[in-house]
Amino acid sequence: MKEKIAYRVNRIEPSGIREFFDLVLGMKNIISLGIGEPDFVTPWHIREAGIYGLEQGYTSYTSNQGLPQLRKAIAQYLKRRFNLKYDPDDEILITVGVSEAYDLAIRALVNPGEEVLIPQPCYVSYYPVAVLAEGKPRYISTANCGFKLTPELLISSISPRTKILVLNYPSNPTGVTYSREELRALVKVIKDKDLIVISDEIYAELTYDQEHVPLTSLPGMKLQTIYLNGFSKAFAMTGWRLGFACGPKEIISAMNKIHQYTMLCAPILSQMAGIEAILRGESAVRDMCLEYRRRRDYIVERLRDMELDFVYPQGAFYVYVNIKKTGLSSREFAVRLLKEKKVAVVPGVAFGPGDNDNYVRMAYTVDFDTLKKAIDRIEDFMRSL
Amino acid sequence: MKEIIEMLRENARLTAEDIAKILKKDVKEISKNIQKLEKDGVILGYKTIINEEKVKSFKPVRAIIEVQVTPKRNQGFDYIAERIYKFPEVVTCFLVSGTYDLLLIVEGEDIHKVAQFVAEKLAPLEGVKGTVTHFLLKKYKQDGFILTKSKKNHRQTITL
């Protein structure tokens, strides 16, 4: 049957950690630091807006681009929060999560053989989606630069076929983010080489020690950036599948062309809940963010006490921990930790090749008492090695 | 101090060591601060929040009582409030605005004990003009905790 499958799909490598995931899913009573989504339930006022929409019979399609009120609310939010100016009429597209937005951006821009540069470690979908679009994704390893892309690394990775750069900050799986100065230095190269950047800033609201600086806010970058954001992480709305893309209207229009034939529109109830989230969700976001920050501060100190190495995470809800000194591969470490101490973490190999096998991702998306228990067990585990 | 209070208010099981880690402070300093908060009466105690809906053996009867009182010259409501809140049956006593003055929560072993307290102790007090007693029938939510539904986790145990 395999020969019936399109070659594009066959080109995608199967996930190397499927087995580990199955192992985790088959076990009971474990503590999981492997969950890449908030432990909070969507704030009630947002859920209630969804219920109200359902009661009122909002069960239809919306315009392909998304509800005008939602686009307007997003435009206002971006202006207020980051001083970004996007026209809700033709520069914002509502999507089914950032995942769809990324797929649309890639498909709208990439011709066969054109290169997409992806700094890694990174979220799992960037590479295969580029493969499906017949682009040529290329990883840039940032392991030796504190998990941040540098101008030097970028320059040395660019070829005449390079068209796109994918950025994600604060980052899954490392939690690192970029300062304005670091972005400025990158922008020089980006402009010089006329790259388009797909900037996935889904964790923007979960930035703990500094202001989040959107790439598109830097002078001249609006024309070269597709800004992706969504509701999943900040508002704890992962299951609603709601995101958005902002960019130059020609690109947004091209993305919408694909979106209208493939997805049609994001679910109307999610869009209605999204309006409520954006208009009145600020304090809930602040509370959740504070809680994540405290957990971050705690886990970081505990890991330091264990003399484990990591790059200080400034956002998202992950720490990417170097386990090289244990002599175990990331998979071995994760399997043994799971079997011996019933704690799940994600092996680094999930997030890219090479050095990632020396790392595991720990997500602090559990309540404080659980987090503490998990770290106590990890400490026991480290001692037992 | 503010952050210590905030954190303990949310989770009284946090140890001085936990808080020290979160705030990147010395454990001794945090312990001292907590002791000071206790000494100054900012922190009054640490209790466990029990979902009494799920405990069969011990369930005190509770009544919420509205009390209309006459404030005393030069002392306002404080004098009569003190006369009332010193009864151990009174677990909560608030001065409120509106159609009555004091809002009490009174606890007793059974309905008769509470009724007896109201009839024999509370109502006859000089300065008490009238009482309205509401027996508490069911708790849905308390101190931010929803009591009628158990917490469920719908998340997958591992996701990227």
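Tutor: In this predicted model, local features need pLDDT of at least 70 and side-chain atom pairs count only at pLDDT 80 or more, while totals for chains, interfaces and linings use all residues. Residues are numbered from 1 along each chain as its sequence is written, and chains are lettered from A and ligands numbered from 1 in the order in which they are written.

Student: What distance separates the centres of domain 1 of chain A and domain 2 of chain A?

Tutor: Domain bounds here come from an automatic or database domain assignment, which for chain A gives domain 1 as 2–42 + 283–384 and domain 2 as 44–281. Taken over C-alpha atoms, the centres of these two domains of chain A are separated by 24 Å.

Student: Which element gives the most residues to the side of domain 1 of chain A that touches domain 2 of chain A?

Tutor: Two residues are in contact if their C-beta atoms, placed from the backbone, lie within 7 Å, and on that basis the contact takes 34 residues from domain 1 of chain A and 38 residues from domain 2 of chain A. Helices (H or I, at least four residues) and strands (E, at least two) are DSSP runs, numbered from the N terminus. Helix 1 (7–11), helix 11 (282–305) and strand 10 (318–322) of chain A are the elements that give two or more residues to the domain 1 side. The one that gives the most, with seven residues, is helix 11 of chain A.

Student: How many residues of chain A are in contact with chain B?

Tutor: Here the contact is between two chains, and chain B brings 11 residues to it. On the chain A side, the number is 22 residues.
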